[in-house]
Amino acid sequence: MTAHGTSTGRDAEDAEGLDVEEVLALVNDDRGPRLADRLPGPAAPAAGADPAGRGHAPRGDHETGGDHGGHRTDDGHESPGGRDGRDGHESPGGRENHDAHDAHHAQDPHGAHRGRRGPRTHGATPWPGAREIAASAARAAVRSSPPPPVSVPLDGALGLTLAEPLTALTDLPSFDTSAMDGWAVAGPGPWDVREDGVLAGHTGHRPLGDGEAVRIATGARIPEDTTAVLRTEHGRTDGRGRLHAVPRDRAIVPGQDIRPRGQECRSGDRLLPAGTLVTPAVLGLAAAAGYDRLRAVPRPRVDVLVLGDELLTEGLPHDGLIRDALGPMLPPWLRALGADVTSVRRIGDDAEALHTAVTTSAADVVVTTGGTAAGPVDHLHPTLRRIGAELLVDGVEVRPGHPMLLARIGEGRHLVGLPGNPLAAVSGLLTLAEPLLRTLAARPAPEPYGVPLQEPVQGHPYDTRLVPVVLRGDRAVPLHYNGPAMLRGIAVADALAVVPPGGARPGEETELLDLPWTTGGIGVCFT
Ligand SMILES: Nc1nc2c(c(=O)[nH]1)N[C@H]1C(S)=C(S)[C@@H](COP(=O)(O)OP(=O)(O)OC[C@H]3O[C@@H](n4cnc5c(N)ncnc54)[C@H](O)[C@@H]3O)O[C@H]1N2
Ligand code: MOO
């Protein structure tokens, strides 16, 4: 593919598809509106230059904004620069915030206890611990009410997990088979070629007599008393219908180019363990081994509840209303994570409707979006209190997405509360929903891996950051437009980089969270 460094002729080139250069040009360019350009009067102070040192945002933190989204300072205003001028990507809030946090740290027993710098959001769980809690909540649910395996036809089993080992129902191959097109021969040559031929799928051929040969096709059953198969290109027939090996002294090794019955497996052999993810290759193996249906772990059922009165399901934003980005995004993503999305409902900011939806849901997991914070119409916490739910995770030390939550709402049933900001919802999806659903679906945990960063990424002072990146060679390139409300970065990303508190230097190996479509492939993930 060509690297598109400029926008010249881009329309014509679009047909070739985006390459990484173009993706970076689109997402990491330096154009775009700045809030300062649209604010009346003198520009607001840049990030890190707030002379007033205004202290904390309500939860003792600040939003990590992205380039071109500016970032929010403590008082909630967007900073005009929206960047810290160092890595050119994003700013976690400006230096004055760090100082303020550090000042608090002196009296903060939690900070000291954890050996970390600064105060915590009360009750918030560290990011790795939140993922572990989600996985162990699912393990406990499976222990207390193990889901009975389902019997699924092969064409419905892609992406499920085998509930039982796959045991061969037949020998493979199930008969001695020719591996090549040519002749089945008996004894040393030359051979008399019989009139009839042997094609794949046909049976009932006479045994070969010594000195006889018969035309045979790849995959055909070998006639009895065959010594070997001579490939078409290794033999020639003379005018009298006699077959000669070419060259004449070619050795005919007994058994050559014959796949003996049971070469791959014997009936009853264990081919795959329980817990194997059903991939296209597994479907092929299962079919070859005689299966019409597979016994699999059922997909956990998920009801999605999209909260928010401000959401439109079509058309352009108007009058303070915005398009619902999560309704279209979450169902296929949840399915890619192993779920069966049983319903998606938009229920506004209505406490009663939320209560009814949660209490009447028969799903294993309810995923809500929005309403996790403490605003006047954030009904999630009060609803969870009202139904006596057990909050397993109530806030996570991660940006974006820190108000995310996980609650046990009944025997083996959970609720994942995703924040309303769209990238924050993605963060919640990968932090809480992914380990929960993966474990409920009995999928294996992905092997953690890291890749060095191409550029520095500024960290949050105390929290983990999840930052969209593209992979370029053996490096991860951080993407701009990574603010909590933005999907522009993640839409072109290959993965999310897990940036530790304090940030990461160029070349520093950083854990990556794969996105389902870059790992499993469309077929596995989305069908
Ligand atoms: N006083 C505080 N306010 C906020 C805090 C905080 O700690 N203290 N945290 C901020 C952070 S961080 C996040 S994230 C959000 C979480 O808010 P909620 O989960 O309660 O979500 P909402 O308030 O309903 O929405 C937030 C934002 O996202 C937009 N949104 C909601 N749903 C959708 C959707 N389906 N598609 C597109 N956009 C959506 C919504 O319009 C808001 O703009 O709270 C902060 N506030
Ligand atoms: O920063 Mo919030 O954590 O937008 O999700």
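Student: What's the helix and strand share over residues 303-439?
Tutor: This is a predicted model. Over residues 303-439 the chain is 34% helix and 32% strand.

Student: And how far apart are the end C-alpha atoms of that stretch?
Tutor: The end C-alpha atoms of residues 303-439 are 17 Å apart.

Student: What does UniProt list for residues 303-439?
Tutor: An unreviewed UniProt entry lists them as "domain: MoaB/Mog".

Student: Which domains is the protein chain divided into?
Tutor: There is domain 1 (32-120 + 448-526), domain 2 (150-171 + 265-297), domain 3 (177-259) and domain 4 (299-440). The centres of domain 2 and domain 4, taken over C-alpha atoms, are 34 Å from each other.

Student: Whole chain now. How many helices and strands?
Tutor: The protein chain has 13 helices and 28 strands. It runs to 527 residues, and 41% of them count as buried. Take contacts between residues at least 6 apart in sequence: 68% of these join residues at least 24 apart.

Student: On to ligands. Which residues are closest to ligand 1?
Tutor: Gly370, Thr372, Ala373, Pro419 and Gly420 are the closest, out of 28 residues that surround ligand 1. By class, that shell holds 14 nonpolar, nine polar and five charged residues.

Student: Which domains supply at least three residues each to that shell?
Tutor: Domain 1 and domain 4 each do, in the shell around ligand 1.

Student: How many residues surround ligand 2?
Tutor: Nine, and the closest are Pro400, His402, Asn421, Ala424 and Pro484. The shell around ligand 2 splits into four nonpolar, three polar and two charged residues.

Student: Pro400, then. Is its peptide bond from Arg399 cis or trans?
Tutor: The bond from Arg399 to Pro400 is cis, with omega near -10 degrees. Pro400 sits in the loop between strand 21 (396-399) and strand 22 (405-410).

Student: What about the bond joining Val246 and Pro247?
Tutor: Val246 and Pro247 are joined by a cis peptide bond, omega about -10 degrees. Pro247 is in the loop between strand 11 (242-245) and strand 12 (258-259).

Student: Where does Asp257 lie?
Tutor: Asp257 is also in the loop between strand 11 and strand 12. Its phi is positive, about 55 degrees, although Asp257 is not a glycine.

Student: Why does Asp257 count as buried?
Tutor: Because Asp257 has 20 other C-beta atoms within 10 Å, and 20 or more is the cut-off for buried.

Student: And Asp319, buried or exposed?
Tutor: Asp319 counts as exposed because it has 6 C-beta neighbours inside 10 Å; the cut-off for exposed is 12 or fewer. Asp319 has a positive phi of about 50 degrees and is not a glycine. Look for Asp319 in the loop between strand 16 (311-312) and strand 17 (322-323).

Student: Switching to helix 8. Which of its residues are buried?
Tutor: In helix 8 (residues 326-336) they are Leu326, Leu330, Trp333, Leu334 and Ala336. Seen down the axis of helix 8, the buried residues fall within an arc of 145 degrees, so they line one face of the helix.

Student: What follows helix 8?
Tutor: Gly338 follows helix 8, with a positive phi near 110 degrees.

Student: Last one. Where is Glu447?
Tutor: Glu447 is in the loop between helix 11 (422-440) and strand 24 (449-452). Glu447 is exposed, with 5 other C-beta atoms within 10 Å. Its C-alpha atom is 10.0 Å from that of Leu513, 66 residues apart along the chain.

Note on methods
Residues numbered from 1 in each chain as written. Chains lettered and ligands numbered in written order. Predicted model: local features only at pLDDT ≥ 70, side-chain atom pairs only at ≥ 80, totals over all residues. Near = placed C-beta within 6 Å. Nonpolar A, V, L, I, M, F, W, Y, C, P; charged D, E, K, R; others polar. Domains from an automatic or database assignment. Helix = DSSP H or I, 4+ residues; strand = E, 2+ residues; numbered from the N terminus. Contact = placed C-beta atoms within 7 Å. UniProt positions renumbered as here; feature names shortened; annotations may be inferred. Arc of directions from axis to C-beta.
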